[in-house]
Amino acid sequence: MQQKSKLFLQALKYSIPRLGKCMQKQHLNHYNFADHYYNRIKLKKCHLTKCLQDKPTISELARNIPSRSFSCKDFLPIKQENKDSLSENMDAFEKVRTKLETQPQEEYEIINAEVKHGGFVYYQEGCCLVRSKDEEADNDNYEVLFNLEELKLDQPFIDCIRVAPDEKYVAAKIRTEDSEASTCIVVKLSDQPVMEASFPNVSSFEWVKDEEEEDVLFYTFQRNLRCHDVYRATFGDNKRNERFYTEKDPSYFVFLYLTKDSRFLTINIMNKTTSEVWLIDGLSPWDPPVLIQKRIHGVLYYVEHRDDELYILTNVGEPTEFKLMRTAADTPAIMNWDLFFTMKRNTKVVDLDMFKDHCVLFLKHSNLLYVNVIGLADDSVRSLKDGKSVPMTIFHKTDSEDLQKKPLLVHVYGAYGMDLKMNFRPERRVLVDDGWILAYCHVRGGGELGLQWHADGRLTKKLNGLADLEACIKTLHGQGFSQPSLTALTAFSAGGVLVGALCNSNPELLRAVTLEAPFLDVLNTMMDTTLPLTLEELEEWGNPSSDEKHKNYIKRYCPYQNIKPQHYPSIHITAYENDERVPLKGIVNYTDKLKEAIMEHAKDTGEGYQAPNVVLDIQPGGNHVIEDSHKKITAQIKFLYEELGLDSTSVFENLKKYLKF
C-alpha cells in the first residue's frame, strides 16, 4: 500500500498541466478552492496554442524552467553554477515568447469556454454556439448549433460547455455580464441542430450515460446564490426531469463534479471548512447515490477515480487504500492534504492532474507568456506580528532602472483559502510595458501555502492578513521597489477587507487605492442573516450575532467600523447596482462615512491641505465582478495615473491594442 501511495504522489509531483485546446472547467462555485485561470488567447485566424504545438511545448518549458527566487535581504540573482542550465532553458522559453510577440497583439481576445470532445471542438463564435472538426478549428469552417440571440438576453456569452458521451446532445450554460443568473440550454445534435430544453438558474451540470445508452443530464439549481437542489433529466422520446437531492443545511453549497475518466459523478456538499461527497455510478445513474464519508466538522475531502480505484484528497487522516466495488465507493485511497501542499511548495510548478479542479497552482503558466521577470520571493517578507514568511510575486521589466522611482501596484486578496489571481489581463501587460512594478502579496487567509495558511487568516486571525500586507509593502519599499508616493493598492470583493483595514491603520504607505465590489462592512453584513451568503460565510468571518468574541474581533479590523478623521489615500471604488454578493448599500455607507471623516480632518488641518479624492463609480447590472469591462478598466487606469501624477498618453495608446473601444 505504501509503495502504491508513493507512486501516486510521484505521479502528481512530476506531471505537468496540459495547455491544449480543451479548456479547464469554469468555477464550480463562488468559494471553491479551484483556480481555473488557464484562459485561452485567440487570434482572429489562428489559435495561439497552435503556434505552441511545435517543440518545445509550454508544458515542457514549465517542466524545465526553474522558478527564480530572491532573498528579502538583497534580491541577489541566481547562483553562478545554475546560470548555464538556466540559460539553456531560457533560450527555449525566449523562442516561444518571440513567437507570441510577433503576433498582432491588437487582435487578442479572451475565449470564455471551449471544449474538445471526440473529433470536434465546441466553442462560441460571435453570438453562436458552434463546433468544428478538430483539424479545422483554426479556420472559419464551423457548424452553428445554436444562436444565443434566441434567448433574448443582453450580450450573452457561454460560460461552460458539456458534451454528452456519445455526442447526441450538447449542454451550455449562458450568462450575461451584468448578471450572475445563468440558463442551461440542451441542443440535440443532428443535421438540423435544435434546442431540446432550457433550465434557468443552473450552477453546475454534467452528463452521464445509463445502462440503456440514454444520456442523462445532472444539474444543480441555484436560487439567491444558494445552491441546494440536484436534478437529473433525459430528453427525446423518454423525457424526464426530477429533483432527487435537496441539502437542508443553508450553510452548505452543492456542486457536481465528473471524475476525470467520466466513470463517476460526485455530488459535493461543502461549506468553508467541511465537505461531504456522494457518488453516482456513471453506469447506473438512476441508482441511489452512495455516501463516501458523512460530513465531519473541519474535514474537507475530494474524490477522484482511476483504474477501478478511488483516490481521496483530504486534510486529515492517514494514507490508506482499498479496491473499488462495481457500484459502490466504499474503498477509497486517501492522500493527506498537508503532505500534498508540502510537496506543492517544494516543487514550485505542480500538475494537480486528477485534483487540479479542486486545488490551486502556486505559479501560473499564463504569467510566463507576458512577464519578463518573475520574482517568486519565498521567505522574502517577515510579518511584523509573528515572524511568518510571506511569499510575494513581483513583475517588472528587466531593463528597468532606478526602481525606486517607478510606480508600484500591489495586489492582495487573502480570503476563503483561494489563491490571489495572477491570470493574464491586458491592462496588466500594458502597465508593465509602461514601467510599472506589479506585486502580488500572498497573505495569510489565501490558499497559496495550504489549508493552514487559510486557517491562519480567518475568523479571529484575520488581523494576520493585515500584518502580512503591511509587512509586504514596507519590505518592497525597503528593498527599493518604488516609494509610498508612487504606490497604489488594488483588490476586489473580499480583498477589500484588508485594503480598507490598511487604509485605516497605515494610510501613509499608499498614494491611491482601486477597489471593485469591495467587502467593507463586515460587521453589519455578518449580522444580517437575510442576506444570501451570510450563513455560508460564518466559517470565514465568524458569527457576531451569537458570539461576542467574534463580534469584538470583527470590530477591530472592519473597514467601515474603523474610519476616523485622518489623511487617507485617494480611493476609486467600482460597485454594481444589483450585486447580490456585496450589497451596494454597504459600499455607499462606507463611502459616505469616509468622505465625512476626510472633511473633518481637512477642517482640523486648516488651509493648504489637499484632501484625497474618493470616487464611487456605480455600474448597472447585478454581476459581482466584471473583469472585461473596458469602461471600468479605463476609469481605474485613468484614476491611478492622475493620482500618481503620471503621463497617461502612451498607456492608453497601448491599451487600444488589446481592448476594442
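**Close-up views of a predicted model**

**View 1. The cysteines form zero disulfides in this structure.** A disulfide here is a pair of cysteine sulfur atoms within 2.5 Å. Cysteine 160 is in no disulfide, and the nearest cysteine sulfur, from cysteine 184, is 8.6 Å away. Cysteine 160 has 7% relative accessibility and so counts as buried. Cysteine 558 is also buried, at 0%. Buried means under 20% relative accessible area, exposed over 50%, and partly exposed in between (1.4 Å probe, protein chains only).

This is a predicted model: local features need pLDDT of at least 70, side-chain atom pairs count only at pLDDT 80 or more, and totals for chains, interfaces and linings use all residues. Residues are numbered from 1 along each chain as its sequence is written, and side-chain values use heavy atoms, with hydrogens and water left out.

**View 2. β3, β4, β5 and β6 form an open antiparallel sheet, in that order.** Strands (E, at least two residues) and helices (H or I, at least four) are DSSP runs numbered from the N terminus. Two strands pair if DSSP finds at least two bridges between them. β3 (114-117) and β6 (143-147) are the edge strands; each has a single partner, so one side of each lacks a neighbour in the sheet. Four bridges join β3 to β4 (residues 120-125). Histidine 117 sits opposite phenylalanine 120 in β4.

**View 3. A four-stranded open sheet runs in the order β15-β16-β17-β18, with antiparallel pairing.** The edges are β15 (253-258) and β18 (290-293), each with a single partner strand, so one side of each is left without a neighbour in the sheet. β15 and β16 (residues 264-270) are joined by six bridges. Leucine 258 faces leucine 265 of β16 across this pairing.

**View 4. The largest cavity holds about 420 Å³ of space.** A cavity is a set of points on a 1 Å grid over the protein atoms alone where a 1.4 Å probe fits but cannot get out; lining residues have an atom within 4 Å of a point. Volume is the space filled by probe spheres set on the points, which are joined across faces, edges and corners. The whole structure has eight cavities of 30 Å³ or more. In the largest, 22 residues form the lining, with His411, Glu427, Arg428, Thr490 and Gln636 nearest the centre. α13 contributes the most, with five residues. The lining comprises 11 nonpolar, four polar and seven charged residues. Ala, Val, Leu, Ile, Met, Phe, Trp, Tyr, Cys and Pro count as nonpolar, Asp, Glu, Lys and Arg as charged, and the others, Gly among them, as polar.

Terms used: On a 1 Å grid over the protein atoms alone, a cavity is a set of points where a 1.4 Å probe fits but cannot get out, and a pocket is an open set with protein on both sides within 12 Å along at least five of seven lines; lining residues have an atom within 4 Å of a point.
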